[in-house]
Amino acid sequence: MLPGPGEVLDALTGALALWLPAQRWYAHKGAGTPQVAIAGWAPLRLAAAQLTLEVVLAVRLPDGTETLYQVPLALRRAEAERSAAEIADEAEPIGVVDAPGGPLCAVDALRTTEGRAALLAPLLAGEGAAGPGLGLSSYLLAAAPPSAPAPPSAPAGIPRTRLLDGEQSNTSMILEVEGGAPLIVKLFRVLQDGENPDVVLQGALTAAGSTRVPAMVGAARLAVAGIRTHALCAQEFLPGVEDAWRVSLREATAGEDPAAAMEALGATVAEVHRDLAAALGTVAAGSEEVAHRVAAMRTRLAETAALVPQVAAQRDALEDLLAAAGDVPWPALQRMHGDLHLGQVLASPQRGWVLLDFEGEPLRPLAERSLPDCPLRDLAGLLRSLDYVAGAVRLQHGADAEAWAARARAALHAGYTAAAGGGGREQEVLLAAFEADKAVYEALYEARNRPDWLPIPLAALARITAPGAAAGSGG
């Protein structure tokens, strides 16, 4: 008698605990070997060669903290013949469980053709799945702009899919739809209670008719371990386009004038902010809210200064910047991107600049990422990213691109201000504080991970705090 899927999963927890830390999307590297338990699972599809399961793991770290991870698994006979497609997938075994009739092997379902098809089937059919401790429900968006791909129908056979490499916090696959535009399906690995901003914000922009984001097509929700959240989302895929980081690196190395492109990018960000405010509303920035956010920046500065001596040397000037930010009026708070940098922007020949990945900083609690914030933080993130372009050109090519970066920052800032309105001293004070806060975060990261890159944020902090500086890196 074959063991049930639940028994097999329970027998795999030790192997999963060893396999997880080696995965690119695992958020707790260096925290030690975790303890793993099965929080919930549901069968998705039984094919001739394998059973695909939707699985959520409860991962407990040595310090006692616990995180939920979405890890769909495929179970198959270890000695079973594999198709050419399965061999090409190169799914490495996670673990093997003894069973009557021969051992059962477990692999990451997204690494198999049949596993990806099983995960997509409920979404394409607008259906769900249920199992012990877990429920999955899918939906397709009814309202979308004319440019959006039509909601796909469930294919008769296995859909054509391929896995994307390079992501860190999530896993994405490309779905080729017969007779339609390709889609990208993103599976969220770390699960927290609440709606994922990536789905909410891009869905709201899609419904509003914005062409500045890939059109959202559908999503799936999970109920497991007492939480309800998004499991995955499907949206328009823009093939053959570069992100703004690669474009900027090439243009900075060649010394091309960035003014027109960066003005357009600034205007694009302002347009997205305007559409989000209209779709999801705004909140007045009261004194308590401002004080809370300034205090959070002060805490980050204190923690970094304690570990990075070069930041400690500039702490007084940085404290003055933050104090000034607490004394000026703030614009209304609203939903925004939350982790905007040049790698989150695509250069589409047909549509211009397109923003993506509205999930916010993946390691922050979901509840925090879903709160309204000051939209100038998004502008500050892009200004810092342009500063990194000059640093990368210097480190990788030995060339000086500081003049290029200064012109690009000024053009981005001007383009945003012209499209968003406002400006003036209050905006410059806030923007300088947000840039400094971002550079402080960067300094701690670089000190820990890439010491050769540490001069980039340190130089920005010196520039932003220099006497007479205005608009931080954008001035």
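This is a predicted model: local features need pLDDT of at least 70, side-chain atom pairs count only at pLDDT 80 or more; totals for chains, interfaces and linings use all residues.
**Helix α14.** I started with residues 455-465, which make up helix α14. Which of its residues are buried? I found I456, P457, L458, A460, L461 and I464. I then looked up what these buried residues pack against, and got α8 (309-312), α9 (315-327), α11 (376-397) and α13 (424-449).

**A sheet of three strands.** Next I followed an open, antiparallel sheet with the order β15-β18-β19. Strands β15 (242-243) and β19 (352-355) are at its edges with a single partner strand each, so one side of each has no neighbour in the sheet. I checked how β18 (residues 345-348) meets β19 and found four bridges in the antiparallel sense. In this pairing, S348 is opposite G352 of β19.

**Salt bridges.** How many salt bridges does the whole structure hold? My search gave 27. I picked out R407 and D257, whose side chains meet at 2.7 Å, N to O. R407 belongs to helix α12 (residues 402-420) and D257 to the loop between α5 (244-254) and α6 (259-280), so this pair ties together parts 150 residues apart in sequence. Are the two partners buried or exposed? R407 is partly exposed at 45% relative accessibility, while D257 is exposed at 52%.

I also looked at R369 and E359, which meet at 3.9 Å, N to O. R369 sits in helix α10 (residues 366-369), and E359 is in the loop between β19 and α10. Here R369 is buried at 11% relative accessible area, and E359 is buried at 8%.

My last entry is the bridge of E402 and R394, at 3.2 Å, N to O. E402 is partly exposed at 31%, and R394 is partly exposed at 37%.

Note on methods: Residues are numbered from 1 along each chain as its sequence is written. Side-chain values use heavy atoms; hydrogens and water are left out. Buried means under 20% relative accessible area, exposed over 50%, partly exposed in between (1.4 Å probe, protein chains only). Helices (H or I, at least four residues) and strands (E, at least two) are DSSP runs, numbered from the N terminus. Contact means heavy atoms within 4.5 Å. Two strands pair if DSSP finds at least two bridges between them. A salt bridge is a side-chain nitrogen of Lys or Arg within 4 Å of a carboxyl oxygen of Asp or Glu.
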